[in-house]
Amino acid sequence: MSLASLSELEHHCRMFLQAVDHADAAHDLNHILRVVKVAKQLAIAENANLAVVVPAAWLHDCVSLPKNHPERHLASTLAGDKAIEFLASIDYSIEHYEAIYHAIQTHSFSANIRPKTLEAKIVQDADRLDALGAVGIARCMQVSGALNRTLYASEDPFCESREPNDSLYSIDHFYKKLLHIAGSFNTASAQLEGKRRETIMRSFLDNLALEV
């Protein structure tokens with residue numbers, strides 16, 4: 001894929017996404033820009049097809065539903081449908097549609113669909129990396145604030161003697177999901193970066209424990 005074609009595609013995607021309603025502040029255009037940046041880095045490192053990875057990364061959240069929405073598990077499938085419709089409208093090469101659709105559909109945790117291609121694995125890895133590290137902490141708090149979750153359970157803030165309940169407590173989400181992400185990465189490049197970002201999150205929890 002030439003740099004000129006890539007630049008034109010990204011321009012179209014940005015214009016399209018500016019008119020899209022985002023589920024919450026943690027899944028806004030800045031989230032998409034970060035996922036695109038990391039997906040490109042991973043694609044180059046892993047020798048993947050940018051003609052699939054780039055549009056899939058840009059459009060992975062073109063349909064986004066709130067975390068507590070009853071049809072949340074369908075969001076990535078709906079996003080895949082909308083993405084292909086958009087790509088057809090700008091005459092993007094039809095030969096990549098199936099691979100792009102698969103990459104979008106499988107990126108989501110809630111969809112629980114295993115990625116079968118390198119490109120789908122990369123898009124999933126890029127999206128999951130954005131849930132870790134400093135930005136992952138910030139996004140967790142954004143979502144928790146929108147859902148009016150309490151920061152932590154007073155009697156056991158760090159889930160030492162109880163099952164985490166992230167429908168009630170923000171910090172529980174670390175133990176329910178976030179601290180398990182690093183073990184789910186598909187590519188070696190993402191695994192390395194995931195370990196770095198998980199260390200940042202564990203340091204945050206250690207410091208929080210000192211303060212509370």
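Q: Which domains is the protein divided into?
A: The protein falls into domain 1 (3-118) and domain 2 (131-211), with bounds that come from an automatic or database domain assignment. This is a predicted model, in which local features need pLDDT of at least 70 and side-chain atom pairs count only at pLDDT 80 or more, while totals for chains, interfaces and linings use all residues. Residues are numbered from 1 along each chain as its sequence is written, and side-chain values use heavy atoms, with hydrogens and water left out.

Q: How far apart are the C-alpha centres of the two domains, and how many residues are in contact?
A: The C-alpha centres of domain 1 and domain 2 are 25 Å apart, and 15 residues of domain 1 are in contact with 13 residues of domain 2, where contact means heavy atoms within 4.5 Å.

Q: What area is buried between domain 1 and domain 2?
A: About 1,100 Å² is buried between domain 1 and domain 2, and carbon and sulfur atoms give 64% of that area; buried area here is the accessible area (1.4 Å probe) that two parts lose on being put together, summed over both.

Q: Which element gives the largest share of the domain 1 side?
A: Helix 2 (residues 29-46) gives the largest share of the side of domain 1 that touches domain 2, with 6 residues; helices (H or I, at least four residues) are DSSP runs, numbered from the N terminus. The residues on that side of domain 1 divide into 8 nonpolar, 3 polar and 4 charged, with Ala, Val, Leu, Ile, Met, Phe, Trp, Tyr, Cys and Pro counted as nonpolar, Asp, Glu, Lys and Arg as charged, and the others, Gly among them, as polar.

Q: How many salt bridges are there between the two domains?
A: The count between domain 1 and domain 2 is 0 salt bridges, a salt bridge being a side-chain nitrogen of Lys or Arg within 4 Å of a carboxyl oxygen of Asp or Glu.

Q: Switching topic, where is Thr187?
A: Thr187 is in the loop between helix 8 (172-176) and helix 9 (188-211), and Thr187 is buried, with a relative accessible area of 4%.

Q: Which residues is Thr187 in contact with?
A: Leaving aside its neighbours within four places in sequence, Thr187 is in contact with Leu42, Glu46, Leu118, Ile122 and Asp125.

Q: And where is Ser64 found?
A: Ser64 is found in the loop between helix 3 (50-59) and helix 4 (75-89), and Ser64 is buried, with a relative accessible area of 10%.

Definitions and conventions:
Helices (H or I, at least four residues) and strands (E, at least two) are DSSP runs, numbered from the N terminus. Buried means under 20% relative accessible area, exposed over 50%, partly exposed in between (1.4 Å probe, protein chains only).
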